[in-house]
Amino acid sequence: MTMADYQTLLEQLRDSYNARDPEAFAAVWNPDCEWHPFLTARVEGDPGYHGHNGIRAWFEDVDEMFTEIHVELGQFRQIGDRLLVLGHMKATARGSGAEVNSEVGWIMEPRGERFQRGWAYDNHEEAERAAEAAGA
């Protein structure tokens, strides 16, 4: 796949995430995928979300935590066989109404025409370190 193909997949991820559409988000992933977000299961020590049902469960978990959530992806580059994506997230916590405005970094591992594994980080520095270590 080309960098333009990857950018299209990343835009589909962003758009489906912002639309709160778990089916469209899952469609960009292989059926046996792994997603390791910095929110929800990873915070609790769980090894992440697996498969399309895991993606759907993650959306439910995020929606229990936030009334609104929006991510913007800024830059991305390929490091080894993975993509490093840097952006920002804004969210409103359910219950307290607290505003969250945070950096976000994704490391995405493609396989075939979709993503196979992905990891999310709450700051660019940590995501860049992890991507460099994985690509070394």
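His124 is buried, with a relative accessible area of 15%; here "buried" means under 20% relative accessible area, "exposed" means over 50%, and "partly exposed" is in between (1.4 Å probe, protein chains only). This residue belongs to helix H4 (residues 124-135). What you're looking at is a predicted model, where local features need pLDDT of at least 70, side-chain atom pairs count only at pLDDT 80 or more, and totals for chains, interfaces and linings use all residues. Residues are numbered from 1 along each chain as its sequence is written, and side-chain values use heavy atoms, with hydrogens and water left out.

**The sheet**

- Let's begin with the strands: six of them make an open sheet in the order S2-S1-S6-S5-S4-S3, with mixed pairing.
- Helices (H or I, at least four residues) and strands (E, at least two) are DSSP runs, numbered from the N terminus, and two strands pair if DSSP finds at least two bridges between them.
- The edges are strand S2 (49-50) and strand S3 (66-79), each of which pairs on one side only.
- S3 pairs with strand S4 (residues 82-93) in the antiparallel sense, over twelve bridges.
- Across that pairing, Phe76 stands opposite Val85 in S4.
- S3 and S4 also form a hairpin with two residues between them, and Gly80 in the turn has a positive phi of about 65°.
- S1 and S6 are parallel, with four bridges; His36 has Trp119 in S6 as its bridge partner.
- S1 and S2 run antiparallel and are joined by two bridges; Glu34 has His50 in S2 as its bridge partner.
- As a bit of background, strands of a sheet pair through backbone hydrogen bonds, either parallel or antiparallel.

**Helix H1 and what comes after**

- How far apart are the end C-alpha atoms of H1? They are 22 Å apart, which agrees with the 22 Å that its 16 residues should span at 1.5 Å a residue (the expected span is 1.5 Å times one less than the number of residues).
- Several H1 residues are buried, including Tyr6, Leu9, Leu10 and Leu13.
- The buried residues of H1 also include Arg14, Ser16, Tyr17 and Asn18.
- H1 is followed by Arg20, which lies in the loop between H1 and H2.
- Arg20 has a positive phi of about 60° although it is not a glycine.
- Arg20 counts as partly exposed because its relative accessibility is 22%.

**The nonpolar cores**

- A nonpolar core is a set of buried Ala, Val, Leu, Ile, Met, Phe, Trp, Tyr and Cys residues joined through side-chain atoms within 4.5 Å.
- The largest one has 30 residues, and Leu13, Trp29, Trp106, Met108 and Phe115 touch the most other members.
- Two or more residues come from each of H1, helix H2 (22-26), S1, H3, S3, S4, S5 and S6.
- H1 gives the most to this core, with five residues.

- Arg82: buried or exposed? With a relative accessible area of 17%, Arg82 is buried, and you'll find this residue in strand S4.
- The side chain of Arg82 makes a polar contact with the side chain of Glu109 at 2.9 Å.
- A polar contact is a pair of N or O atoms within 3.5 Å; within protein, one must be able to donate a hydrogen and the other to accept it, and residues adjacent in sequence count only if both atoms are side-chain atoms.
- Leaving aside neighbours within four places in sequence, the contacts of Arg82 include Arg77, Ile107, Met108, Arg117, Trp119 and Ala134.
- Gly112 sits in the loop between S5 and S6, and is exposed, with a relative accessible area of 54%.
- Gly112 and Glu72 are 40 residues apart along the chain, and their C-alpha atoms are separated by 25 Å.
- Back to His124: not counting residues up to four places away in sequence, His124 touches Leu86, Gly87, His88, Glu103 and Val104.

Key
Contact = heavy atoms within 4.5 Å.
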